[in-house]
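Thanks, everyone, for making the time.

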Amino acid sequence: MGLCASVVSLALKSSLLAWYRRNRRDLPWRRTADAYRIWVSEVMLQQTMVQAVVPYYQAFLERFPTVERLAAASEDGVLALWSGLGYYRRARNLHAGAKHLVRQGGQFPRTLEAALEVPGVGRYTAAAVLSIAYGVALPVVDGNGRRVFARLFALRGARGRSDRTFGVLAAQWLDPGSPGDWNQALMELGATVCTPRSPGCSHCPVRGHCRALAEGAVARLPERRPRRRPVKVAVAAAVIERGGRLLLVRRREGKLLGRMWEVPQTSLDGRGSPDLARELEERHGLRVAPGALLGQVQHAITYRRIQIEIRSARLLSGPPPDPARFRFVRRGELAGLPISSMTRKIVASTGAARGRTGDKRRLP
């Protein structure tokens with residue numbers, strides 16, 4: 001890097017770091033240097049907005065303030081606190097990672113090699129935790145950072161979509177004296193100023209270095225990859241009650257909502273009109289007689305746009321005596337179980353429907 005480029009690099013880094021230290025949002029994981037707490041935040045923030053994460057993060061650390069407490073918890077207890085945050089494999093990996101750390105002495109590793117041995121920890125998470133908690137000079141670039149780099153250097157075509165390009169830039173521009181603040185500054189700039197739409201270029205601390213701004217190309221960069229088109233899915237759900245308790249079934253292991261508890265329902269993979277009685281027998285061995293329509297709700301998971309038809313149903317036989325797969329619970333017990341936000345929405349809808357129909361009985 002020549003003298004001129006070095007001066008530009010120093011000025012850009014100085015401007016961005018000074019801006020970050022003055023303007024960074026007061027987020028709970030920025031008030032600690034505890035690697036465990038920073039690790040929890042990084043896992044929660046994967047594919048999830050900051051405002052959604054904050055209450056989950058606070059509740060999670062109230063229950064599991066140390067890695068030892070998390071490692072000693074049951075999977076159901078961990079998933080219950082994660083319920084509604086989505087991408088539940090993150091919670092299982094975090095739980096498995098905590099057990100691994102306890103076996104290794106209870107501390108998050110200080111080297112990249114050791115951090116990558118923690119279950120569920122990839123290079124991005126390892127670099128983020130090590131740079132923020134321990135000051136290890138490792139670059140991190142998320143979607144926000146990619147957008148900042150794409151605009152700063154007016155990256156187009158293959159270069160603007162290449163992971164290698166962004167990895168090289170992140171390594172070249174890393175501030176080795178303050179790697180944690182630098183990595184967070186890039187992400188903060190992308191999250192609050194260099195946003196996908198209507199970026200605040202007029203108050204950007206590095207606008208004087210931005211090629212996209214100089215070329216009038218900010219709105220066109222980064223060039224977006226085509227998104228997967230949304231798929232409409234119809235699902236039927238059965239509300240089955242016995243003695244004031246709801247029947248829940250447990251999903252089998254899988255990428256989507258694996259091992260979560262839910263009211264019996266048809267598959268998310270269907271395209272046509274769901275056959276509630278047939279699918280519940282095939283999927284769970286439950287023979288039911290569907291009854292009245294209780295309501296309809298909508299929900300979105302990844303690319304799926306789900307229309308859920310909720311019906312009352314009567315058991316004709318079963319469920320099999322298998323408490324690992326079937327459970328009758330009171331509505332007040334749902335908060336302590338790992339259930340998805342879709343299931344919460346279904347149950348809440350049936351409660352509202354009862355109230356509208358004038359059923360004055362005390363809800364269980």
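Predicted model: local features only at pLDDT ≥ 70, side-chain atom pairs only at ≥ 80, totals over all residues.

**Helix packing and salt bridges**

Let me begin with helix α3, residues 50–63, and helix α5, residues 75–82, which pack with their axes 9 Å apart and at an angle of about 155°. At that angle, which is over the 145 degrees required, α3 is roughly antiparallel to α5. As for the handedness, the crossing in which α3 passes α5 is right-handed. From α3 the contact takes in Tyr56, Ala59, Phe60 and Arg63, and from α5 it takes in Gly77, Val78, Leu81 and Trp82. Sorted by class, this contact of α3 with α5 comprises six nonpolar residues, one polar and one charged.

The second pair I would like to set beside this is helix α2, residues 35–45, with helix α8, residues 123–134, where the axes are 9 Å apart and the packing angle is about 140°. Here the angle falls in the range that makes α2 and α8 oblique to each other. The crossing of α2 past α8 is right-handed. On the α2 side the contact is made by Ala35, Ile38, Trp39 and Glu42, while α8 contributes Tyr124, Thr125, Ala128, Val129, Ile132, Ala133 and Tyr134. In terms of class, the contact between α2 and α8 has nine nonpolar residues, with one polar and one charged.

Let me step back for a moment to the chain as a whole. The protein chain has 15 helices and seven strands, and its C-alpha atoms fill a box of roughly 80 × 50 × 35 Å along the principal axes. Of its 364 residues, 47% count as buried. If we take the contacts in the chain with a separation of 6 or more, 65% of them are between residues 24 or more positions apart.

Now to the charged pairs. How many salt bridges does a search of the whole structure find? The search finds 16, and I will take three of them in turn.

In one of these, the side chains of aspartate 181 and arginine 21 meet, with an N to O distance of 3.0 Å. Because aspartate 181 lies in helix α12, residues 179–192, and arginine 21 in helix α1, residues 3–23, this pair ties together parts that are 160 residues apart in sequence. Arginine 21 has a relative accessibility of 42%, and so counts as partly exposed. The pair also belongs to a network of salt bridges, in which Arg21, Arg24 and Asp181 are linked.

Another salt bridge joins the side chains of aspartate 163 and arginine 146, at 2.8 Å from N to O. Since aspartate 163 is in helix α11, residues 163–173, and arginine 146 is in helix α9, residues 143–152, this pair ties together parts that are 17 residues apart in sequence. Is aspartate 163 buried or exposed? With a relative accessible area of 54%, aspartate 163 is exposed.

Finally, arginine 37 forms a salt bridge with aspartate 34, and in this case the closest N and O atoms are 3.9 Å apart, where the cut-off for a salt bridge is 4 Å. Arginine 37 counts as partly exposed at 26% relative accessibility, and aspartate 34 is likewise partly exposed, with a relative accessible area of 32%.

Methods: Residues numbered from 1 in each chain as written. Heavy atoms only, no water. Axes fitted to C-alpha atoms, helices over the stretch in contact; angles between N-to-C directions. Helix = DSSP H or I, 4+ residues; strand = E, 2+ residues; numbered from the N terminus. Parallel < 35°, antiparallel > 145°, perpendicular 65-115°, else oblique. Left-handed = near helix turned anticlockwise from the far one by under 90°. Contact = heavy atoms within 4.5 Å. Nonpolar A, V, L, I, M, F, W, Y, C, P; charged D, E, K, R; others polar. Buried < 20%, exposed > 50% of the residue type's maximum accessible area, 1.4 Å probe, protein only.
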